[in-house]
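Please examine the sequence and the structure shown below. The paragraphs that follow consider how the parts of this chain meet.

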Amino acid sequence: MFRASGSQDIATARAGTNIAFIKYWGVADPELNLPLSNSISMTLASAVTTTTVRWDTRANMYMDEVTIDGETLFGDKASRVVRHLDYIRELAGGVPFRAKVVSQNNFPMASGIASSASGFAALTVAACAAIGLRVEKDRLSAIARRGSGSARRSIFGGFVEWEQGREDNSSVAHQLYPEEHWNLRDVIVVVDSNSKHVSSQRGHVLAATSPFNVARIDRLFSVLQEVRTAIATCDLDRLGPIIERDALAMHGVMMTSNPSLIYWQPATVEVIKAVRRWRDEDNLRAYFTIDAGPNVHIICEPSTEPEILLRLKELSCVEKVITSGPGPEPELLKHHLIK
Ligand code: PMV
């Protein structure tokens with residue numbers, strides 16, 4: 001349980017983003033962010049969001065103030081965060097306080113590195129702690145899901161499954177294994193650090209317009225079981241081909257939605273092909289997956305990581321590389337981003 005200590009009105013939380021092995025794509029209920037299937041992910045240690053929330057209990061502010069990565073957001077840009085604060089105000093008994101929110105990502109936002117997962121996880125933990133809402137992790141994770149579906153998984157560390165559920169209370173996430181279970185590596189290849197043009201929120205709604213959406217969801221039941229077993233036995237060569245196929249299936253759904261969504265750049269394909277070439281020709285055990293953006297996540301074991309990093313240096317399309325292993329659940333910090 002994340003406890004708010006005393007009657008503080010400020011709190012800071014750090015949360016890791018997560019990389020989905022089996023993706024959440026498409027919504028059964030866009031208001032509650034209820035998914036069409038289970039999903040499985042690994043929470044990351046090194047791609048994190050730190051967020052401070054200070055509630056204005058003296059009622060000096062007439063609106064919420066949101067700053068992310070140094071930019072103060074207004075209007076539509078701030079509305080997703082403000083809606084989440086509204087929800088937390090309601091849960092806290094309808095308190096009238098406005099909030100100041102300052103958030104910092106240590107990786108490019110909204111480019112397929114799931115900044116909304118770590119962002120809404122950190123925001124939820126900090127906002128609830130600062131307002132004195134004492135909630136169990138399950139409940140906290142349900143609150144985070146309202147902001148962004150994948151945030152639900154970032155409330156847990158290590159390897160995490162989010163069960164579809166049919167309503168708010170049954171759509172729950174739980175930890176499959178803690179971070180110490182398997183030192184799997186995620187080499188995040190940033191080929192484009194610009195924000196994506198179409199949000200995943202909009203993409204989830206469009207998924208239903210693709211003829212391939214139902215086909216992907218239908219086969220997930222057995223695929224999920226394979227992924228659970230591969231993680232249980234730390235078997236990369238079992239996990240890898242499945243996560244590649246699901247990433248391609250999800251992007252197939254995106255591309256065949258109406259209107260069509262293409263998050264990839266030419267460089268995305270270049271990295272995909274390089275990974276396959278290294279594997280086929282040189283037996284380099286590495287597999288790719290891609291979230292809602294152009295950047296490629298290469299999943300490998302620690303022994304292969306240095307060789308992958310060397311080879312990525314030879315690809316001119318690579319802007320930046322971030323590496324991470326599995327990380328812990330969100331943490332409350334003593335040091336705040338607001339003075
Ligand atoms: O949580 P959202 O709405 O940003 O959606 C996440 C979608 C994917 O990252 C593509 C898949 C996933 O399960 O994280």
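The model is a predicted one. On the side of domain 1 that touches domain 2, the elements giving two or more residues are the strands β1 (10-22), β4 (39-55) and β8 (159-162), together with the helix α1 (75-91). Among these, β4 gives the most, with seven residues. Sorted by class, that side of domain 1 holds 22 nonpolar residues, eight polar residues and four charged residues.

To their contact, domain 1 contributes 34 residues and domain 2 contributes 46 residues.

The area that domain 1 and domain 2 bury between them is about 3200 Å², and 67% of this lies on carbon and sulfur atoms. Within domain 1, the residues that lose the most area to domain 2 are Phe21, Lys23 and Trp25, which together account for 27% of what that side buries.

Charged pairs also take part in the interface. Two salt bridges are counted between domain 1 and domain 2. Lysine 23, already named among the residues of domain 1 that lose the most area, forms a salt bridge with aspartate 291. In this pair, the closest N and O atoms are 2.6 Å apart.

Definitions and conventions:
Residues are numbered from 1 along each chain as its sequence is written. This is a predicted model: local features need pLDDT of at least 70, side-chain atom pairs count only at pLDDT 80 or more; totals for chains, interfaces and linings use all residues. Side-chain values use heavy atoms; hydrogens and water are left out. Contact means heavy atoms within 4.5 Å. Buried area is the accessible area (1.4 Å probe) that two parts lose on being put together, summed over both. A salt bridge is a side-chain nitrogen of Lys or Arg within 4 Å of a carboxyl oxygen of Asp or Glu. Helices (H or I, at least four residues) and strands (E, at least two) are DSSP runs, numbered from the N terminus. Ala, Val, Leu, Ile, Met, Phe, Trp, Tyr, Cys and Pro count as nonpolar, Asp, Glu, Lys and Arg as charged, and the others, Gly among them, as polar.
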